[in-house]
Amino acid sequence: MTTTETATQIPSPRRDTGPEEAVDTAIDEACRTLHLPTIRSRVQDMTSEAMRQRSSYKDFLADLLEAECAEREERRKLRLVREANFPRPKRLEDFDFEENPNVTPELVGTLSDPAWVKAGQPLCLIGDSGTGKSHLLIGIGTAMAEAGLKVRYTTTVNLVNELAEAADEKKLSRTIARVDLLCLDEFGCAPRGAEDSRGRRRPPPVLAGTG
């Protein structure tokens, strides 16, 4: 009985290239095959630095892998923030605490820790118009996304309309996707019995915490 094994083949470098160029070509092709864009783009500079510092092979390999992991983590954070669908970029460190002395840096600092989200605790921001509620909501949501949590931003009215349409089309389970934190902006109750754009009666919104 014979066994057929399938392995990833790395193209051999051209025979008419010099030894160093052949090695560069092999590294480039291997990085493409293994999806290592950071190593592929930085290997030359990091090789020169390793030679200057006379790093060991293990140290050089560790530096390459750490650079790839760090860049991959940064791309993951950017993807999670993008998928949260925030209407505009806002960060907690840009919040003007002098404009709203009722909000302290110490309090906001505790909210930038994802522990309360993982514990399933809800958070409601209450205040007059122009006091920075949306800034804090987006900033906190961004911090949670950058901490590796799946976040979704929407307005309360949009969510109610979306859920009403999904219920009518029997796609409610698809609409209520699993997220770690749901950020509801412009929270307020629509009049009971109000109609949506299609003339259907719409229930008042409900605030739900997810964890």
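This short talk walks through the fold, the cores and the aromatic pairs of the structure above.

Hi everyone. Before we start, keep in mind that this is a predicted model, where local features need pLDDT of at least 70, side-chain atom pairs count only at pLDDT 80 or more, and totals for chains, interfaces and linings use all residues. Residues are numbered from 1 along each chain as its sequence is written, and side-chain values use heavy atoms, with hydrogens and water left out.

Let's begin with the overall layout. The protein has 8 helices and 4 strands; these are DSSP runs, H or I of at least four residues for helices and E of at least two for strands, numbered from the N terminus. The accessible surface is about 15100 Å², and carbon and sulfur atoms hold 52% of that (areas come from the Shrake-Rupley method with a 1.4 Å probe, and for residues only the protein chains shown count as cover). Of the 211 residues, 29% are buried. Here buried means under 20% relative accessible area, exposed means over 50%, and partly exposed is in between, with a 1.4 Å probe and protein chains only.

Now, what sits inside? In soluble globular proteins, nonpolar side chains tend to be buried together. We call such a group a nonpolar core: a set of buried Ala, Val, Leu, Ile, Met, Phe, Trp, Tyr and Cys residues joined through side-chain atoms within 4.5 Å. The largest one here has 22 residues, and Trp116, Met144, Val151 and Leu181 touch the most other members. At least two residues each come from α3 (57-84), α4 (105-111), α5 (115-118), α6 (133-146), β1 (151-155) and β2 (181-185). Helix α6 gives the largest share, with 7 residues. Apart from this core there is another of 9 residues, including Cys31, Val43, Leu64 and Ala67.

Let's zoom in on Val151. Which residues is Val151 in contact with, leaving aside its neighbours within four places in sequence? They are Glu83, Ala84, Phe86, Gly141, Met144, Ala145, Leu181 and Cys183, where contact means heavy atoms within 4.5 Å. Leu181 is also the bridge partner of Val151 in β2. Strands β1 and β2 run parallel and are joined by 5 bridges; two strands pair if DSSP finds at least two bridges between them. In β2, 4 of the 5 residues are buried. Cys183 counts as buried because its relative accessible area is 6%.

Next, helix α6 again, where Thr142 lies. Is Thr142 buried or exposed? Thr142 has 7% relative accessibility, so it counts as buried. Beyond residues up to four places away in sequence, Thr142 touches Val81, Phe86, Lys90 and Arg91.

Finally, the aromatic rings. Rings of Phe, Tyr and Trp (its six-membered ring) pair if their centres lie within 6.5 Å; planes under 30 degrees apart are stacked, over 60 edge-to-face, and the rest tilted. There are 2 such pairs here. Phe86 and Tyr153 make a tilted one, with 6.0 Å centre to centre and 55° between the planes. Phe86 is in the loop between α3 and α4 and Tyr153 is in strand β1, 67 residues apart. Phe95 and Phe97 form an edge-to-face pair, 5.1 Å centre to centre with 75° between the planes. Phe95 is buried at 8%, whereas Phe97 is partly exposed at 22%.
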